[in-house]
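Please read them with the structure open.

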Amino acid sequence: MPHWLYRKLGDRIFAWVVLLLAFGVVLAALLVAWELLRGGWLAFRTFGFWGFLTGREWNAVSERFGAWPPLLGTLLTSAAALALAFFPSLAAAIFSVEYAPRWLREPLAFMVDLLAALPSVVYGLWGIFVLAPLVRNVLELPLFGWAAAQAPWLVPVLGPPTGIGLLSSVLVLALMIVPYASSLARDAIALVPREQKEAMYALGATRWEVVRLVVVPYARGGIFAGVVLALARALGETMAVTMLIGNSVQLPFTFFGPAATMASAIANEFTEATGDLHLSSLLALGFVLLLIALLTNLGANLVLAHLRSREVKR
Amino acid sequence: MNLRRRRLRDGLMVGLLLLGTLLVLLPLVMILAYVFVQGVGALNWNFFTQGPRPPGEAGGGMLPAIVGSLIIDFIALAIAAVFGLAAGVVLAEYPDHRLNPLLRLVSDVMAGLPAILMGLVAFALVVRPMGHFSGFSGAVALALLMIPIIARATEGVLRLIPWELREAGLALGLPRWRVILNLVLPAAKGGILTGLMLALARGAGEAAPLLFTAFGNPFLVFDPLRPMDSLPLKIYVYAISPYEDWHRQAWGAALLLAFLIMISSYLARRALRARGQGG
Amino acid sequence: MLKTIAARALGIVALAAGLALAQGVALTGAGATFPYPLYAKYFDVYSQKKGVRVNYQSIGSGGGIRQLFEQTVQFGASDAPLSDAELKKFEDAYGTKILHIPTALGAVVPTYNLPGLTQPLKLSGPILADIFLGKVTRWNDPKIAALNPGVNLPPLPITVVHRSDGSGTTYIWTEYLAKVSPEWKARVGFGKSVAWPVGLGGKGNEGVAGLVRQVPGAIGYNELIYAIQSKIPYAAVKNRSGRFILASLESVREAANLDRISQDTRVSLTDTPAENGYPISSFTWLLVYQDMAKNRAVKDMRVARAVRDLLWWVIHEGQQYNERLHYARLPEVVVRVSEKNIASLRYGNQPLQ
């Protein structure tokens, strides 16, 4: 093979192939969006886009569908789960790379990844039979009892302490997204160049100072990618949340009481929906979820750009 | 700040990190123990060698579901790996390409959609034109779930490979594609593998997108163009049934599924390490 | 030892080969989850006896109806009858009727968690409606006490549990409540998923049963088979003739034992006048195109015949398997009506006799 062919043509062909495949991914995503929009068109036409988005009633009998309660539920559960999961998953990542003895590293990483290997229906069943009673007896009943005696105004905010509702579903969701945040963070931390760390140690830094000043800043990109992936996972998680959240679209939501998310509404009703408008509203809900994912990602990108610009200034 | 305070803080942080790790691992152990206790009784010879039996009859098994899961997940991972790796390479190695912002956005957005909607798309894309359900259409639905995870993981880890490595390769006179294929990707294989395994785990446990694509089949099938059973489908159907016996089998299937993913993840890591030492 | 392993290996190979060589017709059906175990039994026996392989998957009644419309299946299955609008949709698109063939009867029972109660609670339709409307909120409410003289009802608050997923069970339950309570009918109505005024939603029978077991003072509703199999207590319900009936295979079948039944069998079996009938009962149906040539999934006459034979077998020989799995059998009058419906099946212009 002539030299120039190998160099120039090879590069050209390679770039074309990967770009074409990547373009396939974009195409697939557009196709998903198109299917959802097409399917949800009837609902958007009937209620209007804003009418659908802000409608507070979800009633299959009177065929009035509004996305507001499940939309709120999705935002609440995802944000809370992410907040809960962030530090433990980062801690697990840092611990397994920087602190754990060598023999423990692989098994630790392996176990965290194992959290991702359990089907979500398993989380759901475990949630109903183990977690929910635990949450009810250890967290909700004592808190409720305390509030009833000391701060009665809290009672309506807390909601019924049955163990099934927002709190339990957030806990399970947080657990489920840990491997996504933790794995990517771990890989990023493992790739921090040894020289950088050794330079710090040579200056007499403690381990924690090395982690704080070198490891975390260097691995920030990977950590952030993990957070974004975890958030995406939280937005779309269906089965476990559906089994634990109590599925009520009655506003206002309370801490302990039942709520609903967009994914749970879709999962609950999709297989049994027969009315055209009902089905269309579920697909419209999917489209709204897609928009939410789009917006959160754009927001995340802004944050990332901000982080980068600060870095340059410094 | 004196040394003692710094040491103290260091020790405190070790404690906190350990606590965070335990906070993650404790529920995992609880769940695994729960699944194990519930499911281990269902695992016997019949479970692995027979097809499903109607309720109330002894000796039903999961053979068609096990075979179906293996075939569907393998095809799905193959499809997703090709597209996901390519997308990751584009994102990391051609950082200035115009496609990139859009590509990154769509893959992140896709990761946030409920799995059932991917089934819907695969139905429109594969089942409707073919006129019947098939294992292949299920694999397409799962691949749609897996692609963003692989793409993001690949991108993330490729970005962390120092540019010096690429420059060294180019300086040696290697064309860019050889640098990417022979230097960058091998250097990043650990992270890429994590991505592949996460994606496999994500896809292999989903039942909802398979309901109207792979559909399920009580008979043993090897042809991916026919309706095919899978473990999550069986777990789903058996878990909602009223029969104790089926519940036990559902737990057994859940245990097996987790075990299969665990084993494949473990084997992949080991193969990687062995190769790494050899080369 | 070696022999048994060889035999088993051979068995696996034969299973695979048998499939590859399967000469018989293979049928595909999809729909309701409630009768899935029963259909698994039917089709298992059927493939052994007739050599026809039937692949039935429980993707939900709504999914089954949609797949029937998409023509990816030869038959659908549903726990709720098609509405007039849905029938018209098929008629408009394909120019043929959809026939409902009942296969079994199911019942929905109020399940509850009241510690210390030994005999089944007695409840009536209006009180159930009031509980699910959130108007009766304590177990020691005088209205409940009046129906249960001598029973020591605890002063527990009532926690209502309902299905969160769309389901035929919810359809039957709410259809009954709408029949016996005008207020329920006006405020909530009935359907596979409704806007519940109060309560927790559990996913699936499992979810509802799980919640009822977990929460003292809870009341929910479950399919009878589910309540029996998972040993949750359920209440006797007052029927139209004023008797308190505890759901059983006999009392459920009794509910459908009516003098006449409309030809399309799309009848409600809740609150029927049957004297000993349990008031919250229902059919579950298989759905087929009357003119099977209109269904793209029915490739030829041979397949159409196979579907017809299957339906015939299900309403006759198949019925003997119902009660073993705790599904009520079809009464004779319903079998007669269905025979006529099956006889009206055709493929293009040709009848399928």
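1. Start with one ion pair. B:Arg6 and A:Glu209 form a salt bridge, and their closest N and O atoms lie 2.8 Å apart. Keep in mind that this is a predicted model. Across the interface of chain A and chain B, the rule finds one salt bridge. The rule also finds five residue pairs in polar contact there, with both residues at pLDDT 80 or more.

2. Which element gives the largest share of the side of chain A that touches chain B? That is helix H1 of chain A, residues 3-47, with 21 residues. By residue class, this side of chain A divides into 63 nonpolar, 12 polar and 12 charged.

3. Now the extent of the interface between chain A and chain B. Here 87 residues of chain A are in contact with 86 residues of chain B. The buried area is about 7900 Å². Carbon and sulfur atoms give 80% of that area.

4. Turn to chain B and chain C. In this pair, 34 residues of chain B are in contact with 35 residues of chain C. The area buried between them is about 3000 Å². Carbon and sulfur atoms give 63% of it.

5. How many salt bridges does the rule find across the interface of chain B and chain C? It finds two. B:Arg128 takes part in a salt bridge with C:Glu70, at 2.9 Å from N to O. Polar contacts across the interface of chain B and chain C come to four residue pairs, both residues being at pLDDT 80 or more.

6. Which elements of chain B give two or more residues to the side that touches chain C? They are helix H2 (45-49), helix H5 (115-130), helix H10 (231-239) and helix H11 (244-278). The largest share comes from H10(B), with four residues. The residues on this side of chain B divide into 23 nonpolar, six polar and five charged.

7. One position within chain C deserves a separate entry. C:Ser338 has its place in helix H13 of chain C, residues 332-343. Is C:Ser338 buried or exposed? C:Ser338 has a relative accessible area of 0%, so it counts as buried; the cut-off for buried is under 20%. Which residues is C:Ser338 in contact with, leaving aside its neighbours within four places in sequence? They are C:Pro102, C:Thr265 and C:Ile315.

Conventions
Residues numbered from 1 in each chain as written. Chains lettered and ligands numbered in written order. Predicted model: local features only at pLDDT ≥ 70, side-chain atom pairs only at ≥ 80, totals over all residues. Heavy atoms only, no water. Contact = heavy atoms within 4.5 Å. Buried area = accessible area lost by both parts, 1.4 Å probe. Salt bridge = Lys/Arg side-chain N within 4 Å of Asp/Glu carboxyl O. Polar contact = N/O pair within 3.5 Å; in protein donor to acceptor, adjacent residues only side chain to side chain. Nonpolar A, V, L, I, M, F, W, Y, C, P; charged D, E, K, R; others polar. Buried < 20%, exposed > 50% of the residue type's maximum accessible area, 1.4 Å probe, protein only.
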